[in-house]
Amino acid sequence: MENPFKFGTIVEEEYFTDRVEEVAYIEQFLRSANHLVIISPRRFGKSSVVTKAVKQSGRKYMMINLQQATSVSDLSAKLLKEFFKVHPMERVRHLITHFRIIPMVSTNPVTGSIDVSFQPGVDGAVLIEDVLTLIEKAHSEQDRMIVVLDEFQEICDLAPKLDKQLRSIMQQQKHVNYILLGSQESMMSEIFEDKKSPFYHFGELMRLAKLPREDFHQYLSERLSGCFAENHDELSDKILDYTGCHPYYTQQLAANVWQIGVLQPGISNPMQKAIEQIVTTHGLDYERLWMNFKRTNKWILQRLVSGKPLQSGEYRTSTIYSALKRMQKDGYVIYSDRYELEDPFFREWIWEFSC
Ligand SMILES: Nc1ncnc2c1ncn2[C@@H]1O[C@H](COP(=O)(O)OP(=O)(O)O)[C@@H](O)[C@H]1O
Ligand SMILES: [Mg+2]
């Protein structure tokens, strides 16, 4: 029997739930000539929701994860490779001849997949401009290409001034809809909301929230009912209470609960057992993380975990606030209606081993 829960990758089809309004909104948005920026903390479901919307739109699209690009030259090669998936090379050969640096393109005879690379040492700025110009030339206002750049905040690390160069190319393009995805703090404040940033006001900002409880509950309950005939409803509630409806951690916990249900039917507290298993698996990582935190951060995390107020006089408000901001930026803490730990299993670990 296959586990009905999935976590860690883009989810589609039967693993994807809700987001009906978001998918409809993105699809509708793509009918305009504008660009969209989607922001949320990590693992809230940005890549999944966009994949669903662009596939549903039936339009030509390409999706690149900037985290996987090692340089501007590599990013250009990856973009070109994706482009060839949409436009067979024979049909765009005449456009490639305009490239200032000719790419090396090879076909894997076994899989039929195309590989693209550039000679080492060439100027990345020239390559990226040529590739983006190619995309523009191959399309029209009636047939705009959708280009999704995932983990867009990585742009800042790839090369100095790359953001400036990209913005100046992108703003002249009329045949592309860009969807830029990124995680909360880093992206939001520095790239899109800072007046000095080249990407200031580049597109419409959309924030993705956690999944709505009612729908997620139904999703869990249906899938747990096979193993937990009597208490699947109650178990789903407990899982969602524990994870606060976080898409990734909910699927992770549910997958482990289901597994325990299959292997040890009749077990009295499957959720507790699943939590213990996950915390044990990640124990070493958590320990390493913890050791590297500054004293102030440790103190703040302990207070968040135990639910005690932060304003106790122990640290100055400004110190607490700037430490929280930093931890939010690094992804350890998220803010929805209050500050909380991003990872409920790390929260558990802190509670057990340090509070
Ligand atoms: N609509 C959804 N329905 C069910 N699970 C989801 C959904 N969106 C995200 N998830 C869960 O969250 C995980 C992370 O999703 P992903 O799209 O990679 O997030 P992000 O791109 O924001 O980091 C997925 O592997 C899945 O377990
Ligand atoms: Mg993603």
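Me: By about how much of a helix are W349 and F353 separated in helix α15?

Reply: Helices are DSSP runs of H or I with at least four residues, and strands are runs of E with at least two, numbered from the N terminus. W349 and F353 are four residues apart in α15 (residues 344-353), so about one helical turn separates them. Please note that this is a predicted model, in which local features need pLDDT of at least 70 and side-chain atom pairs count only at pLDDT 80 or more, while totals for chains, interfaces and linings use all residues. Residues are numbered from 1 along each chain as its sequence is written, chains are lettered from A and ligands numbered from 1 in the order in which they are written, and side-chain values use heavy atoms, without hydrogens and water.

Me: How many aromatic pairs are there, and which kind do F293 and Y332 form?

Reply: Rings of Phe, Tyr and Trp (its six-membered ring) pair if their centres lie within 6.5 Å; planes under 30 degrees apart are stacked, over 60 edge-to-face and the rest tilted. The count is 23 aromatic pairs. F293 and Y332 are edge-to-face, with 5.0 Å between centres and 80 degrees between planes. F293 is in the loop between α12 (270-292) and α13 (295-306) and Y332 in the loop between α14 (317-329) and β8 (333-335), so their pair ties together parts 39 residues apart in sequence.

Me: Is W349 buried or exposed?

Reply: Buried means under 20% relative accessible area, exposed over 50%, and partly exposed in between (1.4 Å probe, protein chains only). W349 is buried at 7%, whereas F353 is exposed at 54%.
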